[in-house]
Amino acid sequence: MKLNNKDLKLTLCGLTAIVLVAGFTSCGKKDVNSPGTEFMPDMYRSPSVEVYGTSTFNGDTVYSTKFMPVKGTIARGYIPYAYANTPEGYEQAGLYLKNPIAMSDAVMKDAEKLYGYYCTHCHGAAGGGDGKVGAKLPGAPPAYNGTLKNLPEGKIFHSITYGKGLMGNHASILTQEERWKLVHYVQKLQGPKETAAADSTKAKAKPAEVKK
Ligand code: HEC
């Protein structure tokens with residue numbers, strides 16, 4: 001028998017259909033939960049390791065990640081912050097906390113950059129409380145050279161560290177050094193103090209109200 005082109009095409013189509021049907025039906029096992037044959041199952045289901053926990057894999061303990069610091073120790077380079085996030089801590093920081101970083105052109109250059117990244121959108125470039133985000137807050141940030149003119153350096157640092165009112169905590173995104181550099185920058189925006197020891201925020205320590 002001699003196959004012509006048309007017969008050949010039909011036969012090929014038929015064979016393809018059989019292969020496809022066989023292929024699909026071989027996947028459709030009765031047990032819907034069966035994953036079928038798996039090559040390299042570890043690639044589909046890698047052992048998931050719980051941080052600060054112990055994980056088991058095939059009955060074996062594979063990782064123990066209980067690497068919590070020993071009680072009473074502090075990490076190298078980490079300087080604990082002594083003042084609590086309370087009204088008393090705030091007042092104490094205002095009285096006793098002093099900037100350990102000397103002001104210099106290099107410090108101000110770094111501070112200006114940091115201020116642009118983390119503060120301008122709320123406080124405004126000149127610290128007038130008119131940043132694009134700040135203006136949309138239920139209570140815009142007060143101006144550094146207005147209400148906050150005589151805010152002492154310790155309180156500036158304390159508020160950047162813990163946040164205040166609608167301003168969030170910045171301790172997790174800025175190192176202590178960066179926060180102190182920013183204190184210099186905020187002081188530059190405050191302008192000269194009215195009186196050397198005055199603290200304009202002492203009498204009315206009422207935070208801005210949040211209107212819902
Ligand atoms: C989400 C907007 C927002 C961002 C971002 C923000 N602030 Fe504020 N900030 C505020 C608001 C609002 C207040 C007023 C808080 C209050 O008194 O209730 C404030 C208050 C302050 C005060 C006065 C705190 C006090 O003790 O009275 C300082 C200083 C300050 N911010 C510095 C900064 C610096 C520096 C940055 C950047 C690292 C920054 N803020 C980022 C919104 C913001």
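Residues are numbered from 1 along each chain as its sequence is written. In this predicted model, local features need pLDDT of at least 70 and side-chain atom pairs count only at pLDDT 80 or more, while totals for chains, interfaces and linings use all residues.

Me: What makes up the protein in terms of helices and strands?
Reply: The protein has seven helices and two strands, in the order α-α-β-β-α-α-α-α-α from the N terminus. Helices (H or I, at least four residues) and strands (E, at least two) are DSSP runs, numbered from the N terminus.

Me: Why is Lys181 called buried?
Reply: A residue is buried if 20 or more other C-beta atoms lie within 10 Å of its own, exposed if 12 or fewer, and partly exposed in between, with C-beta atoms placed from the backbone. Lys181 has 25 C-beta neighbours inside 10 Å, so it counts as buried. Its place is in helix α7. Buried residues make up 17% of the 212 residues in the protein.

Me: What does Lys181 touch, not counting residues up to four places away in sequence?
Reply: Lys181 touches Ile101, Val107, Asp110, Ala111 and Leu114. Contact here requires the C-beta atoms of two residues, placed from the backbone, to lie within 7 Å. The C-alpha atoms of Lys181 and Ala102 are separated by 8.9 Å, and these two residues are 79 apart along the chain.

Me: Why is α6 described as largely enclosed by the rest of the structure?
Reply: Nine of the 10 residues of α6 are buried, so the helix is largely enclosed. Among them are Ile156, Phe157 and Ile160. The buried residues of α6 pack against α3 (87-96) and α7. Just after α6, Gly163 takes a positive phi of about 85 degrees.

Me: What makes α3 oblique to α6?
Reply: The axes of α3 and α6 come within 6 Å and cross at roughly 135 degrees. That angle makes α3 oblique to α6, because angles under 35 degrees count as roughly parallel, over 145 as roughly antiparallel, 65 to 115 as roughly perpendicular and the rest as oblique. The contact is made by Tyr90, Ala93, Gly94, Leu95 and Tyr96 of α3 and Gly154, Lys155, Phe157 and His158 of α6. These residues divide into five nonpolar, three polar and one charged. Axes are lines fitted to C-alpha atoms, for helices over the stretch in contact, and angles run from 0 to 180 degrees between N-to-C directions.

Me: Why are α6 and α7 called oblique to each other?
Reply: Their axes come within 9 Å and cross at roughly 125 degrees; α6 and α7 are therefore oblique to each other. The contact involves Glu153, Ile156, Phe157, Ile160 and Thr161 of α6, with residues of α7 including Arg179, Trp180 and Leu182.

Me: Which residues come nearest to the ligand?
Reply: Of the 26 residues around the ligand, Cys119, Cys122, Ser159, Gly165 and Met167 come nearest. A residue is near a molecule if its C-beta atom, placed from the backbone, lies within 6 Å of it.

Me: Which helix gives the most to the shell around the ligand?
Reply: α6 gives the most, with four residues. At least two residues each come from α5 (120-123), α6 (153-162) and α7 (176-190).

Me: How do the residues of the shell around the ligand divide?
Reply: They divide into 17 nonpolar, seven polar and two charged. Ala, Val, Leu, Ile, Met, Phe, Trp, Tyr, Cys and Pro count as nonpolar, Asp, Glu, Lys and Arg as charged, and the others, Gly among them, as polar.
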